[in-house]
Amino acid sequence: MGKQVQHELRERVKELHALHQTALILQDDAAEPEQQLQRIVNLLPEAWQYPELTGARIQLDGREFCTAGFRRDGPSLEAAFLTRSRVKGSIEVRYSQECPLADEGPFLAEERELINSLAQILRNWYQRREAERALQETNEQLENQVRERTQDLQDANRQLRRLASELSLTEARERREIASDLHDQIGQSLALLRIRLGQLRGNMVFGGSDRDLAEMQKLLDHTIRTTRNLTMAISPPVLYELGLAAACEWLAESFSAKHAIPVRCHLRGGVRRLHGVPEELQVTLFKAAQELLANCLKHSGATSIRIHLEFAHQRLLLEVADNGKGFDPHVIRRQEGFGLFSIRTRLRDLGGELEVDSAPGEGCRVTMCVNTGEMA
């Protein structure tokens, strides 16, 4: 009786060992699935009553893994399984010769439980691999979609920036044409009319209309000044005729005169000779300076403003600083208005950068810098 108990205990220990080793093998995610299944097949014979007569085979998804010398005849014990994705699999154990009858042919009831448990473990393992593979494929698809959408978005943003740049330059050209028409046609016509009116006034000095002619001449002078101011406001000829440095000086003088806020313009380096610097960049920086002066007038409460323009070693720098109330740049960056955002975007497209240095009560300094040597 004691020997029988010991025998049964040894059999149960072999079965538990097989289950434990199978679980360990299948947990090794670094191993190839074929290697894992072959290792499981090789350890199965030791778990049966007659290991020296036992051969084993695992079939899964059309592939087969067998012990050496596996025979396809003789008593067999088999457990089949089917995954959720309808993949078929089975575990089969065969004896190479007839053995004493037990609970299921020559096989014990515990061996049936063992092979069923092994089949369930393999089924769960394969389903987990399927889920991981599906998840990986889904992730790869999503990553590809994200890359494609990101590329599309980047292309769209580049196109929008290019269109915005073209629109800005087109607007500048149209303004220049309108200003030119105002100066060449209306302005010159008004100037000629003033000369003729002066001559007429001289001829009619004794005709009693001198007072009316004087009022007409005064009105005409006012119209000429308004036309000139409008011409300069629309598109300052000085920018295209004399360049960015002269335009910044004119901007400082005209802004100071119009708004009674002192604006000093400092020029350093070769800013008078911006040879090779694209007109697009000069127009962009001039419009940025106009925008920044307008912001100073609207928001800063400044009593003094400084424009600093410098060109050295192909590095063009424009700085607008004021002594106003200042602000927190981080807050402004989060709610940056279209004007400042547009300046930053245009500079970035031209290879430049915009920096804002400010603090509450300490004024503000906006610096724009472009390396003209890197511009294509």
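**Close-up views of a predicted model**

View 1. Four strands form an open sheet in the order 2-1-4-3, with antiparallel pairing. Strand 2 and strand 3 (76–82) lie at the edges with a single partner strand each, so one side of each has no neighbour in the sheet. On average, neighbouring strands of this sheet are turned by 10° against each other, direction ignored. Strands (E, at least two residues) and helices (H or I, at least four residues) are DSSP runs numbered from the N terminus; two strands pair if DSSP finds at least two bridges between them. The model is predicted: local features need pLDDT of at least 70, side-chain atom pairs count only at pLDDT 80 or more, and totals for chains, interfaces and linings use all residues. Residues are numbered from 1 along each chain as its sequence is written, and side-chain values use heavy atoms, with hydrogens and water left out.

**View 2. Strand 1 and its two partners.** Of the 7 residues of strand 1 (residues 54–60), 6 are buried, so this strand is largely enclosed by the rest of the structure; buried means under 20% relative accessible area (1.4 Å probe, protein chains only). Strand 1 runs antiparallel to strand 4 (residues 88–95), to which 7 bridges join it, and Arg57 stands opposite Glu92 in strand 4. Strand 1 is also antiparallel to strand 2 (residues 63–66), through 4 bridges. In that pairing Gln59 faces Glu64. The hairpin of strand 1 and strand 2 has 2 residues between the strands, and Asp61 there takes a positive phi near 50°.

**View 3. Helix 1 against helix 2.** Helix 1 (residues 2–27) and helix 2 pack at an angle of about 170°, with their axes 10 Å apart. Axes are lines fitted to C-alpha atoms, for helices over the stretch in contact, and angles run from 0 to 180 degrees between N-to-C directions. The pair is therefore roughly antiparallel, a term for angles over 145 degrees. Helix 1 contributes Ala18, Gln21, Thr22, Ile25 and Leu26 to the contact, and helix 2 contributes Gln36, Arg39, Ile40 and Leu43; contact means heavy atoms within 4.5 Å.

**View 4. Helix 7.** The 22 residues of helix 7 (residues 279–300) should span 32 Å at 1.5 Å a residue, and the end C-alpha atoms are 30 Å apart, which agrees. The expected span is 1.5 Å times one less than the number of residues. Among the buried residues of helix 7 are Leu281, Phe286, Leu292 and Cys296. Gly301, with a positive phi near 65°, follows helix 7.

Technical notes:
Buried means under 20% relative accessible area, exposed over 50%, partly exposed in between (1.4 Å probe, protein chains only). Angles under 35 degrees count as roughly parallel, over 145 as roughly antiparallel, 65 to 115 as roughly perpendicular and the rest as oblique.
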